[in-house]
Amino acid sequence: MPSLHEFSAVTILSGVVAFIYVLLRAFRHVKARVLGKLPPGPIGFPIVGLLPFVARFPELVLHKWANEFGPLFSMRLGNQLFVVVSDPQVVKDLIVTNGAIFSSRKEMFMKCEIIFARRGITAMPYNDAWRKHRRLAALFLTAKAVSEYKPNLEFEVREMLRALYSQGRAGAVPVNPQAHLSRVSLNNILTIVFGTRTDSVDDPLVAHWLMLSREFMNYTGPVANWVDFIPFLRNVPYLPIVSRGKHLHQGLVDTCSSLINDVDRRMKAGEDVPDCMAKYLLRVREEQQLDMLDIVFLCCAFMIGGVETTAAVKQWFAAHIPAFPLVQARAQAELDRVVGRDRLPQAEDEKDLPYVRAIVKEIERVHNPFWLGTPHLSTEDFHYRGHIIPKNTGVIVNTYTMHNNSRRYPNPQEFNPDRYLTDHHSSAESANLADPYKRDHWMYGAGRRICPGITLAEQEIFLAVAGLLWAFDMQELPSEPIDLHEYDGLSGRSPLPFRVKMVPRHESVAEVLGTADIPCDVGVA
Ligand code: HEM
């Protein structure tokens with residue numbers, strides 16, 4: 001057995017070797033910068049690079065550097081070189097036109113190795129395994145698939161409005177709508193993936209899943225933790241972040257496996273299991289050569305990618321709109337004209353509700369829940385505008401700077417849905433426009449790794465926003481102003497807890513929602 005002294009000597013030696021290695025790599029980047037080859041950018045500290053600067057409000061820090069160093073700048077976080085792209089044409093040139101080079105992902109220690117066991121679509125490098133997972137996922141996210149989900153999506157919005165009406169006692173008491181807005185997103189994905197749903201916000205699965213998906217976002221954001229960028233930290237025994245990552249991996253596996261196993265058991269028992277992703281994957285597992293972890297993490301990709309994301313946009317809408325009664329009134333006049341008061345808005349109404357649609361796009365521009373998106377990785381050296389972007393460089397699409405460009409969006413700090421009034425494209429169509437400066441916003445990423453859930457997300461968000469505007473006047477409480485700048489999470493994810501009054505707009509609300517039987521303290525305002 002090696003002695004304690006031998007152990008310490010080995011640990012110190014590995015530390016020194018790791019230190020020299022990191023120093024040499026950092027030096028390589030500094031040298032390339034000095035020689036003027038890398039895009040310009042801020043110089044950081046040895047080993048940690050610029051990590052200490054991006055711990056809080058990273059989007060604002062990148063925005064400041066973009067103003068200083070231009071639309072393509074480089075920066076080092078620990079051992080990883082990044083370029084930060086802040087101009088639509090540069091995004092298009094790199095990520096879209098040269099998608100064969102800029103479509104991979106860094107195999108992040110926490111996200112890829114520890115939590116996803118090298119399987120999650122969003123974390124996989126650009127290879128055949130990723131192609132297979134993305135192709136299987138896309139089967140459930142096509143425009144045709146989404147149009148088949150519409151009755152369910154509409155049903156879930158109605159259930160959410162009923163719950164808000166009831167909890168807010170028809171506008172008599174303030175409510176925090178966040179859990180309801182998260183549950184509607186959760187139910188949509190549970191139905192698509194497992195053919196199941198929750199009955200109320202009190203179902204333990206709601207709190208459990210929201211906890212898992214928040215933890216996931218907290219540990220795996222592009223700048224969420226240092227172990228991703230300072231490899232020798234991974235050898236520190238009992239590092240809390242690593243144990244939490246392992247715990248999260250187990251939590252995701254246990255939760256998704258139990259839902260998949262339930263589908264499996266019911267299929268084997270000859271029960272009439274609703275069509276869903278888990279059922280399909282279990283059927284094709286041999287032909288597609290999927291092991292159980294593949295199935296778990298394909299389902300997880302939807303549960304992780306499709307719940308917290310759409311929930312966040314819906315929550316930002318609910319937090320933002322009370323401060324804009326005139327915007328609400330104008331949208332409600334449009335809804336009264338197009339939909340009337342005898343039914344809820346439906347998916348088919350969207351094309352006739354340009355102002356409601358414009359509100360959605362403007363919320364997404366102002367409150368992208370993931371300002372840093374999911375960085376891409378280059379797989380070859382690439383020469384661009386006199387600079388070199390070396391192989392294995394991370395690429396961050398700087399959506400904050402692009403969403404606040406005053407030439408594209410005059411007075412960008414102002415919330416003004418009018419800027420989108422004549423934009424008749426869906427976000428999915430907009431992402432394919434030849435002129436990148438005409439794209440609505442960059443919330444869904446770009447190129448071959450662009451979010452495959454756009455059509456589903458757009459449909460869900462539209463229905464929730466239109467339904468809320470149709471049913472309620474959302475009012476801020478004078479004693480509880482809503483903070484629209486601070487947020488929960490790492491780069492804009494969701495508003496801090498808030499309460500609003502949700503006052504039913506007219507008598508038909510109770511009738512249409514079927515809430516006449518729900519006890520309320522007061523009548524309709
Ligand atoms: C408001 C809602 C959503 C937002 C803001 C969002 C945002 C994003 C972003 C920024 C990316 C990375 C794109 C890139 O690398 O360029 C992404 C990827 C992804 N999203 Fe979404 N997403 C949303 C909804 C959804 C939904 C509803 C699903 C599925 C049910 C989904 C599934 C995925 C998957 C699987 C990926 C990984 C794609 C890949 O790496 O190939 N997302 N999303």
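Residues are numbered from 1 along each chain as its sequence is written, and side-chain values use heavy atoms, with hydrogens and water left out. Because the model is predicted, local features need pLDDT of at least 70 and side-chain atom pairs count only at pLDDT 80 or more, while totals for chains, interfaces and linings use all residues.

The iron atom of the ligand has Cys-451 as its only protein donor, through the atom SG at 2.3 Å, where donors are N, O and S atoms within 2.8 Å of the metal (3.2 Å for Na, K and Ca), and sites may look incomplete since water is not among the atoms. Cys-451 itself sits in the loop that runs between helix H16 (427–430) and helix H17 (454–471); helices here are DSSP runs of H or I with at least four residues, strands are runs of E with at least two, and both are numbered from the N terminus.

In soluble globular proteins, nonpolar side chains tend to be buried together. A nonpolar core is a set of buried Ala, Val, Leu, Ile, Met, Phe, Trp, Tyr and Cys residues joined through side-chain atoms within 4.5 Å, and buried means under 20% relative accessible area, exposed over 50% and partly exposed in between, with a 1.4 Å probe and protein chains only. The largest such core holds 113 residues, and the members that touch the most others are Phe-194, Trp-209, Ile-359 and Leu-468. Helix H17 gives the largest share of this core, 12 residues. Apart from this core lies another, of 22 residues, including Ile-47, Leu-51, Val-84 and Met-108. Leaving out residues up to four places away in sequence, Phe-194 touches a set that includes Ile-189, Cys-256, Leu-259, Val-263 and Met-303, a contact being heavy atoms within 4.5 Å.

Charged side chains give another way of following the chain. Side chains of opposite charge can pair when their charged atoms come close. A salt bridge is a side-chain nitrogen of Lys or Arg within 4 Å of a carboxyl oxygen of Asp or Glu, and by this rule the count comes to 35. One of them joins Glu-308 and Arg-214, with 2.9 Å from N to O. This pair links distant parts of the chain, since Glu-308 belongs to helix H12 (residues 308–320) and Arg-214 to helix H8 (residues 204–220), 94 residues apart. Glu-308 is buried, at a relative accessible area of 3%, whereas Arg-214 is partly exposed, at 22%.

Lys-268 counts as exposed, at 68% relative accessibility. A further salt bridge, of 3.7 Å from N to O, is formed by the side chains of Lys-361 and Asp-423. Lys-361 lies in helix H14 (residues 354–366) and Asp-423 in the loop between helix H15 (399–403) and H16, so the pair ties together parts that are 62 residues apart in sequence. Both Lys-361 and Asp-423 are buried. Through shared partners, salt bridges also join Arg-214, Glu-308, Asp-488 and Arg-493 into one network.

Arg-118, although not a glycine, has a positive phi of about 60°, and it lies in the loop between helix H4 (109–115) and helix H5 (128–138). Gln-289, also not a glycine, has a positive phi near 50°, and it is found in the loop between helix H10 (277–284) and helix H11 (292–306). Arg-118 is partly exposed, with a relative accessible area of 45%, while Gln-289 is exposed, with 64%.

Asn-218 has its place in helix H8 and is partly exposed, at 31% relative accessibility. The C-alpha atoms of Asn-218 and Ser-491 are separated by 9.7 Å, although the two residues are 273 residues apart along the chain. Beyond its neighbours within four places in sequence, Asn-218 is in contact with Ala-224, Gly-489, Leu-490 and Arg-493.
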